[in-house]
Amino acid sequence: MSDETTSHSAGASGENPLSELLRRLGLNPPGDGVDLNALMGRIQAMMAQAQAGADSATGIDWAMARRTARQVAASLGPDPVPSPTQRAQLADSHRLAESWLGQAVSFEACPAQAQAWSRAQWVEDTMDSWHAIVEPVVTAIAEAMSTGLGGEAAAELPEIAQLTGMLAPVMRMAAGQMYTAQLAQAIGEISAEVVSGDELGLQLLSSPRVVLLPTNAEAFVKGLGLPDEDTLMYVVVREAARQRLFSAVKWLGPQMLALIEHYAREITIDTTALGDAIDIGDVSEMTPARLAEVSEQLQGRLFKPTRTPEQESILARLETLLALVEGWVDAVAHEACAQWLTHEPALLEAVHRRRAAGGPTGKITSALLGLQLHPRLVRESARFWQVVLADRGVAGRDGLWSHPDLMPSSADVEDPIGFVRGEQHEETDADWDSELTRLLEQGDRGDEDRGRDEGPGAD
């Protein structure tokens with residue numbers, strides 16, 4: 001577009017079309033008399049430099065994300081390579097954990113040996129899995145920034161349609177660059193908190209195996225007032241159960257990713273927050289470092305709090321699936337450890353408090369997806385699996401994982417007796433009914449105790 005065309009368009013509409021576009025996008029327009037060709041040239045040159053190591057589709061520089069995540073992890077405290085003693089202790093605990101789980105779970109144990117990792121090792125191994133989780137999200141953000149924001153304005157002013165097309169690749173790359181910084185920060189911070197490989201409830205490890213992060217695990221047990229050996233044993237049992245589930249249920253990981261991708265397609269970006277952070281008129285400052293600064297300013301503000309009805313439905317399904325995974329782990333760990341660890345109830349309470357305080361899972365889903373998960377649903381899920389176990393036994397309980405169509409809904413989780421009765425004959429054993437009622441009453445009393453411990457707002 002020439003300067004003459006630009007001037008003509010501005011005269012026809014009464015305003016420079018670039019300024020009009022940016023104003024309608026919620027961005028701060030440059031000053032009057034800007035040379036559009038020069039402005040676009042500088043933007044494209046800057047983005048070409050930033051794009052050098054970035055994925056062409058999303059704008060995410062994965063090599064930079066990996067390096068930055070490791071730097072963040074290193075900044076949060078010492079990250080030593082696990083010692084031979086720690087590795088030997090984990091191997092012993094893993095063998096014992098698998099023997100306990102043999103009676104509590106119908107799924108086979110993973111054949112791989114348990115591994116003790118540093119935080120840096122966890123970042124390296126899980127990075128490829130983050131691709132599949134966050135790429136749909138950043139793609140949705142980029143599309144919202146490059147196309148959705150200028151739709152109405154383009155319909156009113158033909159010049160804006162042309163400008164929107166010119167800005168589209170720039171906006172996509174900017175979205176990727178901003179999200180890279182946010183992603184790396186989140187992964188680095190979470191690597192300093194997770195005590196085991198897949199504690200987040202997502203299938204992140206490159207292959208199924210029990211992984212413990214001794215530095216984080218020891219920090220978790222410190223101050224609990226419980227025997228360190230028992231606490232670490234409990235953590236290993238939980239991770240071994242989780243790995244059995246992920247290894248046996250092949251559809252579980254892909255189903256979670258499909259839900260995340262579907263949710264991402266409906267994401268709405270807060271253009272007001274975006275406009276407050278970006279002044280596109282000051283192009284000379286739109287460097288990768290500046291984009292990282294913008295990303296930090298947008299932490300917690302990028303996603304609009306309002307959701308579409310479809311998003312609410314997807315979110316409910318994702319929350320339920322995550323809760324069913326962690327609730328199953330809670331229930332299985334209880335069955336496996338109750339007779340061997342005298343402090344098992346207190347250990348489970350420690351996990352509940354960690355989850356209620358936000359925990360690694362809540363933090364990562366909030367930072368990267370704008371999701372808020374509710375710990376109460378996990379507790380209800382654990383009770384659901386206990387009721388199903390009482391009705392069907394270990395094989396019958398685990399058989400529900402054989403196909404996604406068999407999985408309970410959130411309504412089923414809230415009414416486990418109704419769920420199991422729905423597949424029974426009309427004759428109901430009164431003793432069995434009493435036993436289920438007793439299980440639920442015990443759970444209610446536990447929830448009341450947790451409510452007193454956790455205080456208001458724990459959900």
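Visitor: Which residues is Ser381 in contact with, once its neighbours within four places in sequence are left aside?

Guide: Contact here means heavy atoms within 4.5 Å. By that criterion, Ser381 is in contact with Ala323, Leu324, Gly327, Trp328 and Val413. A word on the source: this is a predicted model, in which local features need pLDDT of at least 70 and side-chain atom pairs count only at pLDDT 80 or more, while totals for chains, interfaces and linings use all residues. Residues are numbered from 1 along each chain as its sequence is written, and side-chain values use heavy atoms, with hydrogens and water left out.

Visitor: Is Ser381 buried or exposed?

Guide: The class follows from relative accessible area: buried means under 20%, exposed over 50%, and partly exposed in between (1.4 Å probe, protein chains only). Ser381 has a relative accessible area of 0% and is therefore buried. A polar atom of the Ser381 side chain lies 3.0 Å from the backbone oxygen of Ala323. Such a pair is a polar contact: N or O atoms within 3.5 Å, where within protein one must be able to donate a hydrogen and the other to accept it, and residues adjacent in sequence count only if both atoms are side-chain atoms.

Visitor: Where is the place of Ser381?

Guide: Helices (H or I, at least four residues) and strands (E, at least two) are DSSP runs, numbered from the N terminus. Ser381 belongs to helix H17, residues 375-399.

Visitor: How many degrees does H17 bend by at Gly393?

Guide: The bend at a residue is the angle between axes fitted to the seven residues ending there and the seven starting there. At Gly393 that angle is about 120 degrees. A second reading compares the end-to-end distance with the expected span, which is 1.5 Å times one less than the number of residues. H17 has 25 residues, yet its end C-alpha atoms are only 25 Å apart, short of the 36 Å that a straight helix would reach.

Visitor: What distance does helix H4 reach from its first C-alpha to its last?

Guide: H4 (residues 62-75) has 14 residues and reaches 20 Å, close to the 20 Å expected. Its buried residues are Trp62, Ala65, Ala69, Val72 and Ala73. They fall within an arc of 100 degrees seen down the helix axis, so they line one face of H4; the arc is that of the directions from the helix axis to the C-beta atoms. The face turned away from this buried side carries the exposed residues Gln71, Ala74 and Ser75.

Visitor: Which residues touch the most other members of the largest nonpolar core?

Guide: In soluble globular proteins, nonpolar side chains tend to be buried together. A nonpolar core is a set of buried Ala, Val, Leu, Ile, Met, Phe, Trp, Tyr and Cys residues joined through side-chain atoms within 4.5 Å. The largest such core has 91 residues, and those touching the most other members are Trp122, Trp130, Val237, Leu252, Trp328, Trp385 and Trp401. Helix H14 (residues 309-337) gives the most to this core, with 15 residues.

Visitor: What does Leu324 touch, not counting residues up to four places away in sequence?

Guide: Leu324, found in helix H14, touches Ser381, Trp385, Trp401, Met407, Pro408 and Val413. Leu324 is buried, at a relative accessible area of 1%. Its C-alpha atom is separated by 8.4 Å from that of Val413, 89 residues apart along the chain.
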